[in-house]
Amino acid sequence: MVATRAVGFGLPVAMLAAWLLARKRFPGRMVLDVVTHMPVVLPPVVTGWLLLLLFGVRGPVGAWLYQAFGVRLVFTTAGASLACAVMVFPLMLRAIRQSLDAADPGLEQAARSLGAGSWDRLTSITLPLAAPGILVGAITGFAASLGEFGAVITFAASIPGKTETLPLAIYAALQVPGGEAVAARLSLVSIALAVIGLGAAEMLGRRLRARVGL
Amino acid sequence: MTFSVALRHDFPGLALNIDFSAPASGITVLFGRSGCGKTSVVLAVAGLLAADRCRVAIGDRVLTDTAEKIFVAPENRRVGLVFQDARLFPHMNVATNLRYGERRAPADATSAIGFDEIVELLGLSKLLGRRPHSLSGGERQRVAIGRALLSRPRLLAMDEPLASLDAERRAEILPYLLRLRRTLDLPILYVTHALDEAARLADTLVLIRAGRVLEAGRPADLLWRADLPFARRDEAAAVLDGTVASHHPARQLSGIEAGGHVFLVPSLDAPLGTKVRLRIPAREVILAATEPTGISVHNVIEGVVRSIVEDPARHAAMVEVALDGEGLLARITPDAVARLGLVPGRPVLALVKSMAIEVFSR
């Protein structure tokens, strides 16, 4: 649930950012590049804390959201999704951007000379060519979301059935005497999900790439 | 109707100042070395280069005029582009690639030619279901040409379409290009640095050097000039446009009337009156003061020396021999020039082997 939402929110943004970074030259491109890759190198707890500062009920964005829409992100499922989305964002971005970089912008030029407007070019050429990357990005993003720990626990805490992700549950189980059995079962689930996710990403990606002949 | 381009743009290291107009039918070849600004002309015509100052018009349809602030967006100007790399869409098969431009062409665009005709003309029927990555370079280029034509362009612009192909593939495509020229009433702008392509295809030849137009005109007028860079090349050759005038089956020869003379060439399989182009390499032309006897050469052509330009790098002299309206180019030694006493204005005989004459259909 948390992972699905994370990918649902994160993917369109990642697509936009990937397209901007791959195709456009604009002031602040470097900054965007660095900021979007921050969550990879920052300790997750730091990312979570920054989110808390920004989206907390008294944070600049969080306060506005709370007052305008009555939306509270901290310690909610939505908040956990947000934390996951931010953490796996660079993963998705990378996958999409790689496939955009591999797609020749000359093809868009060719489409243009054949009478295709900008939206037409995006849907008929750019997106289909980036599809393998987008799909791989979504799947790896989903799998990674399932395993998010540091940022989620900092920003959304660990509330069973609400903001508790797999690793949080495993961690919680280990804190309880005799919880090893539960932890082992959850770990197996976690491993299975990871293997299935990565396998699916690899297979689908390969099939799509073969289809577009890359 | 004419097609005209005037373009000024400052690139780092190259000041582009190109101005030419050509008949809006037939093939206009932009000829020059790589980096001389030919591709920029194509991009400007297609609207993909924002030049400092630029005017592009086909007939009375103005596509770009920076002075009048006219700029038709690339997707609306209907200039068909063929790139050096075919740029076929890899996620579509050949038929879908071909239809891409056709589906986006304005409904009111009059089209002389439809899908089936293009497929027939370019020999694509066996390729329709294939994916671009499974095609050979020559096949890809044919599909790219077909795709551009089906978008119902006002002009077809081709940027070195054969440059990435080997000699065999190029020879395979050239006849298709000439077929397009004969069949379609469509101006074609063709960029190349290969002299043989230019000599074969051009109706109008625009010679570009370092961002400027050095000379423009009919190939039959330009290619026998000893003062142009063409003459410095190994393969320097005059071209003459003519018609098939006679057949001599017993002698296995055909006669071609060009430049006020009849040239005998190996038998041609073409009806009388067929338009052809002759290409006569400068190094294959022998000059003589008196008519030789007992010699295998069939063509002894009377002409007048127009000018002589020395080519010190080769220890050679390029001699322009004027015929009726057109002319030949001969590469001989400076010693031969002295022995024969060749000076401008002097009559001379040009000896051309039948076997040395290349005949191209038009």
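Reader: Why are α3(B) and α5(B) called roughly parallel to each other?
Author: Look at the angle. Helix α3 (residues 94-104) of chain B and helix α5 (residues 137-150) of chain B pack at about 30 degrees. Angles under 35 degrees count as roughly parallel, over 145 as roughly antiparallel, 65 to 115 as roughly perpendicular, and the rest as oblique. Therefore α3(B) and α5(B) are roughly parallel. Their axes lie 6 Å apart. Axes here are lines fitted to C-alpha atoms, for helices over the stretch in contact, and angles run from 0 to 180 degrees between N-to-C directions.

A word on the source: this is a predicted model, where local features need pLDDT of at least 70, side-chain atom pairs count only at pLDDT 80 or more, and totals for chains, interfaces and linings use all residues. Residues are numbered from 1 along each chain as its sequence is written, and chains are lettered from A and ligands numbered from 1 in the order in which they are written.

Reader: Which residues make the contact of α3(B) with α5(B)?
Author: From α3(B), they include Val94(B), Leu98(B) and Glu102(B). From α5(B), they include Val143(B), Arg147(B) and Leu150(B). Two residues are in contact if their C-beta atoms, placed from the backbone, lie within 7 Å. The contact divides into 6 nonpolar, 3 polar and 2 charged residues. Ala, Val, Leu, Ile, Met, Phe, Trp, Tyr, Cys and Pro count as nonpolar; Asp, Glu, Lys and Arg count as charged; the others, Gly among them, are polar.

Reader: How do you know whether Glu160(B) is buried or exposed?
Author: Count C-beta neighbours. A residue is buried if 20 or more other C-beta atoms lie within 10 Å of its own, exposed if 12 or fewer, and partly exposed in between, with C-beta atoms placed from the backbone. Glu160(B) has 21, so it counts as buried. Glu160(B) sits in the loop between β8 (155-159) and α6 (167-183) of chain B. Its phi is near 45 degrees, a positive value in a residue other than glycine.

Reader: And what does the count make of Gln252(B), buried or exposed?
Author: Gln252(B) has 10 such neighbours, so it counts as exposed. Its place is the loop between β12 (237-248) and β13 (253-258) of chain B. Gln252(B) is not a glycine, yet its phi is positive, about 55 degrees.

Reader: Where does Ala22(A) fall on that scale?
Author: Ala22(A) has 18 other C-beta atoms within 10 Å, so it is partly exposed. It belongs to helix α1 (residues 2-23) of chain A. Leaving aside neighbours within four places in sequence, Ala22(A) is in contact with Arg97(A), Leu100(A) and Asp101(A).

Reader: Why is α4(A) said to lie largely in the open?
Author: Helix α4 (residues 60-69) of chain A has 10 residues, and the number buried is 1, so it lies largely in the open. Just after α4(A), Gly70(A) takes a positive phi of about 70 degrees.

Reader: How many helices and strands does chain A have?
Author: Chain A has 10 helices and 0 strands. Helices (H or I, at least four residues) and strands (E, at least two) are DSSP runs, numbered from the N terminus. Of the 214 residues in chain A, 41% are buried.

Reader: How many residues does each chain give to the contact between A and B?
Author: Chain A gives 17 residues and chain B gives 21. On the side of chain A, the largest share, 6 residues, comes from α6(A).
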